[in-house]
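Please look over the structure shown below together with its sequence.

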Amino acid sequence: MNKTYLTMDVGGTNVNAGLVDGEGRILARRHFPTRTGRSQHDLTIDMVANLKELASEAPAGASPLGLAVGLPGWINYEEGVLVEAPNMPGWVNVPVVKIFSEALNMPVRLENDSNMYALGEWSRGAGRGLHNLLVITLGTGVGGGLILNDELWYGSFSSAVEIGHIPIEPENGAICGCGRRGCLETVASATGMSRLGREWLAAGRPTIYTGSPEDLNTKVLHDLALEGDQMALAVFRRAGEALGMILTGIINLLGLEGIVIGGGAARAMDFIEPRLWEILSNHVVVTRPERIKLLRCQLDEDAPLAGGAVLAGRL
Ligand SMILES: [Zn+2]
């Protein structure tokens, strides 16, 4: 009988939970809103109820053996505590492992959501078969998970791979969500690209866009780019350049064989990639640049669930 596990990815907007088998295949799933405004306690009750339902759907004789929980925040791994989650008000010093292991009577692993996403793409997605790769997501921010020698890299502070907060314009850049100036995600996240577009509009530069600045997002920009719009093309070129510089630095440092790119703004990669590749191919020195695999994510929303299967399988 195949083993099963529970896996749950908690985001600022939605929760994805699944019953998965040992190969990371999703046998059943639940999708429900995080409902910002509800207390951490109420939301936890909701999560437990959904997870119990999922557990009851396991095949006969294959009850889930463990749970992996991904959360977008800083984690104290030794104690299984979510220290803080910037996009989830009220989630401060939450003993996640204790709460869920007591409620579900099974071992629980708590993980950062970007790490779980990276593990998923590495184990079952675009990064299968690669031993050293970086997985990044272009969303509200720029998230990242790093696999070195087939293991997640945590660094000395258990908080490594904050790629979105590598400074690219520390003097004159825009203020980042972290409060600092000129981080990568101020130009290369979905939010950052929209901001660049609004900057372009405010400067009165040429564009065929006639909507309001607030309605500008990466989907709109992508549609505009397909029509050859100067603003959209400039925004994606700038994002590609910033990503190209940072990724080249990381590849030259670590000798990575692959980069997987996912997240909402990955749809614009056809316009971001040319400038990114131009920089990579001119500046990667650790191998022939054509040996570097620049890949789109394959599992996307399901990646954290597949990553959770890997973690729960080790419990
Ligand atoms: Zn920042």
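Predicted model: local features only at pLDDT ≥ 70, side-chain atom pairs only at ≥ 80, totals over all residues.

Residues are numbered from 1 along each chain as its sequence is written, and side-chain values use heavy atoms, with hydrogens and water left out.

**The zinc site**

The zinc ion is held by the ND1 atom of His165 and the SG atoms of Cys176, Cys178 and Cys183, at 2.0 to 2.3 Å. Donors here are N, O and S atoms within 2.8 Å of the metal (3.2 Å for Na, K and Ca), and because water is not among the atoms, sites may look incomplete. Along the chain, the donors follow the spacing H-x10-C-x1-C-x4-C. The angles subtended by the four donor atoms are 105 to 118°, which makes the arrangement tetrahedral; four donors count as such if all angles lie between 85 and 135 degrees. For comparison, the ideal angle for four tetrahedral donors is 109.5 degrees. Cys183 is buried, with a relative accessible area of 2%, whereas Cys178 is partly exposed at 28%. In these terms, buried means under 20% relative accessible area, exposed over 50%, and partly exposed in between (1.4 Å probe, protein chains only).

**Strand pairings**

Strands (E, at least two residues) and helices (H or I, at least four) are DSSP runs numbered from the N terminus, and two strands pair if DSSP finds at least two bridges between them.

| Strands | Bridges |
|---|---|
| S1 (residues 4-10) and S2 | seven bridges |
| S2 and S3 (residues 26-33) | seven bridges |
| S5 (residues 74-76) and S6 (residues 81-84) | three bridges |
| S6 and S7 (residues 92-94) | two bridges |

Strand S2 (residues 14-21) is mostly covered, with seven of its eight residues buried. S1 and S2 form a hairpin with three residues between them, and S2 and S3 form another with four residues between them, where Gly24 in the turn has a positive phi of about 85°. Asn76 stands opposite Val81 in S6, while Leu82 has Val94 in S7 as its bridge partner.

Asp9 belongs to strand S1, and its bridge partner in S2 is Asn16. What is the nearest side chain of opposite charge to Asp9? That side chain is Arg29, 9.6 Å away, and Asp9 is buried yet has no salt bridge (a side-chain nitrogen of Lys or Arg within 4 Å of a carboxyl oxygen of Asp or Glu). Apart from neighbours within four places in sequence, the contacts of Asp9 (heavy atoms within 4.5 Å) include Asn14, Gly70, Asp113 and Pro304.

**Positive phi outside glycine**

Asn105, which is not a glycine, has a positive phi near 55°; this residue lies in the loop between helix H2 (96-104) and strand S8 (108-112) and counts as exposed at 72% relative accessibility. Asp150, also not a glycine, has a positive phi of about 65°. Its place is in the loop between strand S10 (142-148) and strand S11 (151-152), and at 25% relative accessibility Asp150 counts as partly exposed.

How values were computed:
Lys, Arg positive; Asp, Glu negative; His and termini not counted. Tetrahedral: all angles 85-135°; square planar, octahedral: opposite > 155°, others 65-115°.
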